[in-house]
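Please look over the two chains shown below.

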Amino acid sequence: MNLAGFTVIIGALLVGPGDEAPPPVRIAVYAVQVTDEHREEKYYDPVLRPVRRALDDLKFDTFREVRTATLTVSLNEEARLKLDSKFALFVKPLSREQTGHVRLDVRVEMPPKKPGQKPIKVFSTRISMAPGKPFRACGLKLQEGELVVVLSIPETAARSGRLPSLRRALR
Amino acid sequence: MRNCRWTKDIERWFDGESPRADRVQRHVAECAACAAQLERLQALRDGATDATRREEIQDPQFPAFFDGIREAIGTPRRGRGGLWALASGSAAALIAAMSLIVMFGSGHAPVDATVIESCSTDLEGASITTSDSKNGVPTVWITVTQDDVW
């Protein structure tokens, strides 16, 4: 390895994440309606395959997609996703940790009972999400069943913070 | 040491430059100081001769001498250039490894779990709890006692 190679590596180290905007956070959202339809085998909509493991302990036999989306949100910005006619999801990434964790505020709101009032905060939580380790919220009534909201951060996007600097330096 | 007035004569005689060699010789035989001075001069000359004498290898020493030369030629000698190359290569590998660790390592022990730090609800009559599923999925549970809320 010659001097130029060392220079490139040292330069890439020096050009850290501090001199560029932190990359946005990708968050996969699955809003699932869970019902009990007295099936012999549990049924999952095919689109729910990535989060099936996060659902299979629930005492329901039917899992249908209500809404799926992948949000790309910058740190300290809030994204809103309408889950159905009743519930809306708000996600706000706060920070990305060295471990790959993303701290974020998650909130679900529903319309007020009376017009003119503020929306009702169904729940609000702050979580530290590990890549590939989902989070879920359960217990929201939805028609004949319940609404389950599953959030997940893809593992491949978890540690991308420094790589763009390196790639650009090696170009 | 006591000096004798013959000292200069002794030195000249020792160097073969004294015109009064017979008298100097007789004096040296009688004067202890000059005899001692003569001994010192002789010792100095002997030492200088030894220092300037070139080492010569005598015939019986030649076989051992050439054996040493052959052995030295036959043994590969690691030059300084090789040592420097080895040291440079090691340093380069170390720096590259540290760079990769810094770039791709987390710097902390990885924490693989998703953690719920806090949660709350504004629903009247609702309670909120957290737990982990059997698969280790952190879960927020909202339990509503008033059916009309929903």
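**The model**

This is a predicted model: local features need pLDDT of at least 70, side-chain atom pairs count only at pLDDT 80 or more, and totals for chains, interfaces and linings use all residues. Residues are numbered from 1 along each chain as its sequence is written, and chains are lettered from A and ligands numbered from 1 in the order in which they are written.

**Where the chains meet**

Chain A puts 34 residues into the contact, and chain B puts in 36 residues. Two residues are in contact if their C-beta atoms, placed from the backbone, lie within 7 Å. On the side of chain A that touches chain B, the elements giving two or more residues are α1 (3-14), β7 (120-129) and β8 (135-142) of chain A. Helices (H or I, at least four residues) and strands (E, at least two) are DSSP runs, numbered from the N terminus. β7(A) gives the most to this side, with 10 residues. By class, the side of chain A that touches chain B holds 18 nonpolar, eight polar and eight charged residues. Ala, Val, Leu, Ile, Met, Phe, Trp, Tyr, Cys and Pro count as nonpolar, Asp, Glu, Lys and Arg as charged, and the others, Gly among them, as polar.

**The five-stranded sheet**

One open sheet has five strands in the order β4(A)-β5(A)-β6(A)-β7(A)-β1(B), with antiparallel pairing. Strands pair if DSSP finds at least two bridges between them. β4 of chain A and β1 (115-120) of chain B are the edge strands, and each pairs on one side only. On average, neighbouring strands of this sheet are turned by 20° against each other, direction ignored. Axes here are lines fitted to C-alpha atoms, for helices over the stretch in contact, and angles run from 0 to 180 degrees between N-to-C directions.

Within chain A, β4(A) and β5(A) form a hairpin with five residues between them.

**The seven-stranded sheet**

A second open sheet has seven strands in the order β2(A)-β3(A)-β1(A)-β9(A)-β8(A)-β3(B)-β2(B), and its pairing is mixed. Its edge strands are β2 (43-44) of chain A and β2 of chain B, each of which pairs on one side only.

Here are pairings from both sheets.

| Strands | Sense | Bridges | A bridge pair |
|---|---|---|---|
| β4(A) and β5(A) | antiparallel | four | A:Arg80 with A:Phe90 |
| β7(A) and β1(B) | antiparallel | five | A:Ser128 with B:Val115 |
| β8(A) and β3(B) | parallel | three | A:Arg136 with B:Thr139 |

**Chain B**

Chain B has five helices and three strands. From the N terminus on, its elements run α-α-α-α-α-β-β-β. Buried residues make up 10% of its 150 residues. A residue is buried if 20 or more other C-beta atoms lie within 10 Å of its own, exposed if 12 or fewer, and partly exposed in between, with C-beta atoms placed from the backbone. Among contacts in chain B between residues at least 6 apart in sequence, 30% join residues at least 24 apart.

Which residues are buried in helix α1 (residues 7-14) of chain B? They are B:Asp9, B:Ile10 and B:Trp13. They cover an arc of only 105° around the axis, so they sit on the same side of α1(B). The arc is that of the directions from the helix axis to the C-beta atoms. An α-helix has 3.6 residues a turn, so residues three or four places apart point the same way.

The axes of α1(B) and helix α2 (residues 21-30) of chain B come within 10 Å and cross at roughly 120°. B:Asp9, B:Ile10 and B:Trp13 of α1(B) make the contact with B:Ala21, B:Val24 and B:Val28 of α2(B). This contact of α1(B) with α2(B) counts five nonpolar residues, no polar and one charged. After α1(B) comes B:Gly16, whose phi is positive, near 80°.

β1(B) lies largely in the open, because zero of its six residues are buried. B:Gly136 is in the loop between β2 (126-132) and β3 of chain B. B:Gly136 is partly exposed, with 13 other C-beta atoms within 10 Å. B:Gly136 and B:Thr114 are 22 residues apart in sequence, and their C-alpha atoms are 9.0 Å apart in space.
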